[in-house]
Amino acid sequence: MRRISRKQIAVLVAASACVIIIAGCTLYHWAKAQTAEALAMAQTVDKAEVKEMKNDNITEKTSVQLRDHWTVAAFGLDSRDPENLKSGNSDVIILMDMDGKTGAVKLVSVYRDTCMDIGKGTLRKANAAYANGGPKQAVRMLNENLDMEIDDYIAVTWKSVADAVNVLGGVDLEVTKNEFRYINAFITETVKSTGIGSYQLKTPGMQHLDGVQAVAYCRLRLMDSDFKRTERQQKVLRLALEKAKKADMATLNNLMVTILPQTATSIETDDLFAVMKNILKLHITETHGFPSEYVCEKSGGADYVFPNDLERNVKELHEFLYNTEDYDPSGYVLRTSEAIEEKKNRSKRKKIQPEEERWTEQAQDQPETTQAETESNIPEMETEPEFWDLETEPFFETIPETEQKGPNGYGPGFEAVPETNEVTTESQAEIQSQPEPELQTEASTCWRRGLEK
């Protein structure tokens with residue numbers, strides 16, 4: 001048998017290395033091309049305006065500090081039309097902040113009923129900004145009220161969330177007895193609104209949830225409050241990220257191709273590809289809710305979450321996101337904090353007035369905030385269907401009055417549970433729906449350079 005010389009071995013090793021390098025480069029460019037192709041299918045509502053947006057209220061020192069972070073505002077819209085994401089109440093608002101040096105991700109859920117200046121001195125619920133002016137106005141609201149400079153945004157609907165969870169193979173979590181009382185009605189409604197098939201749960205306890213079931217879980221609030229709902233949303237997001245970290249390239253590509261056409265975003269190809277390529281580095285370290293100190297009050301017939309001193313809440317937010325101690329909020333935040341406090345106190349004064357005086361004052365009263373608020377004509381009603389409006393048979397037990405209230409007496413948007421004596425002994429076995437759609441298989445910031453080191 002002929003012996004292979006050292007020179008021949010060296011040639012074979014060099015040739016193999018070249019093949020591996022060429023294959024790696026080919027795969028790299030293929031994956032990046034796939035990312036660009038998928039991202040090109042996303043809607044680019046207000047993309048240029050958001051990318052170029054600066055917050056003149058904050059100092060240059062704060063602006064420089066934010067450049068090591070990539071902050072994305074995620075909006076979950078109540079729209080039933082995934083092809084039109086220019087408006088709609090953003091009933092989910094999550095700030096996702098990534099530290100490019102460590103891959104650490106922090107999540108902050110901004111409560112949708114939080115009283116904020118949504119533009120031109122108009123004090124309304126935070127979720128109304130997107131409905132009134134699309135992603136540009138929603139991002140500007142967050143920047144100005146929170147002293148931030150958000151880099152990008154992404155807007156999704158419940159259908160895109162359900163599709164994403166399905167592509168990743170579902171999530172495992174525990175459904176409590178109280179959650180089980182309500183989840184099946186929301187499963188039914190989500191099937192009807194998304195056209196994605198699913199089935200109802202039979203018992204509480206540990207569950208493997210598909211996309212529709214996970215969305216229904218994220219929408220639950222009637223048995224507690226909107227605060228608890230945001231915790232559920234953060235839980236599902238964390239579980240989905242863990243599934244994505246374990247997924248292969250084909251699954252991640254399938255995820256992009258399936259989801260991005262149903263979204264509106266300002267994210268660039270290089271940024272998204274950096275995230276996909278370094279997904280194993282990403283880890284959610286902490287979650288938070290904003291405001292952290294608040295009081296729930298009615299104003300104008302609607303439930304509001306009023307920050308207990310916006311200035312103090314913004315300080316805590318910057319310490320949480322950026323580890324900034326003794327942050328000094330901008331003058332804009334201070335003025336907004338005073339205006340919110342006045343609106344809250346005005347609501348309290350009206351609540352303690354005798355009924356006759358209150359009716360007399362309402363007949364002569366001026367608008368609560370500004371003339372701009374009146375002219376904007378933003379609806380106060382929630383567009384999300386209430387539990388008793390869902391077209392399904394009642395299956396929950398009558399809940400004692402002591403269980404109908406959240407920790408604050410009522411949560412934002414809390415509705416009392418309708419009385420009923422009907423109890424269904426078993427869940428509907430299968431929900432009929434149309435077939436599930438077939439699933440197919442130079443960035444500006446410093447954060448990405450840190451991530452790729």
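In the predicted model, helix α6 comprises 18 residues (177-194), which at 1.5 Å a residue should span 26 Å; the C-alpha atoms at its ends are 26 Å apart, in agreement with that expectation. Of the 18 residues of α6, 14 are buried, so the helix is largely enclosed by the rest of the structure. Just after α6, G195 adopts a positive phi of about 75 degrees.

When neighbours within four places in sequence are left aside, the contacts of I183 are L201, Q213, A216, Y217 and L220. In soluble globular proteins, nonpolar side chains tend to be buried together.

The model also contains an open sheet of six strands, with mixed pairing and the order β9-β6-β1-β2-β3-β10. Strands β9 (264-265) and β10 (283-290) stand at the edges; each has a single partner strand, so one side of each is left without a neighbour in the sheet. The pairing of β9 with β6 (residues 152-156) is antiparallel and extends over two bridges. In this pairing, A155 stands opposite A264 of β9. Helix α4 (residues 128-146) lies across β1 (69-77), β2 (90-99), β3 (104-110), β6 and β10, and runs at about 140 degrees to β1.

Note on methods. Residues are numbered from 1 along each chain as its sequence is written. This is a predicted model: local features need pLDDT of at least 70, side-chain atom pairs count only at pLDDT 80 or more; totals for chains, interfaces and linings use all residues. Side-chain values use heavy atoms; hydrogens and water are left out. Two strands pair if DSSP finds at least two bridges between them. Helices (H or I, at least four residues) and strands (E, at least two) are DSSP runs, numbered from the N terminus. Contact means heavy atoms within 4.5 Å. Axes are lines fitted to C-alpha atoms, for helices over the stretch in contact, and angles run from 0 to 180 degrees between N-to-C directions. The expected span of a helix is 1.5 Å times one less than its number of residues. Buried means under 20% relative accessible area, exposed over 50%, partly exposed in between (1.4 Å probe, protein chains only).
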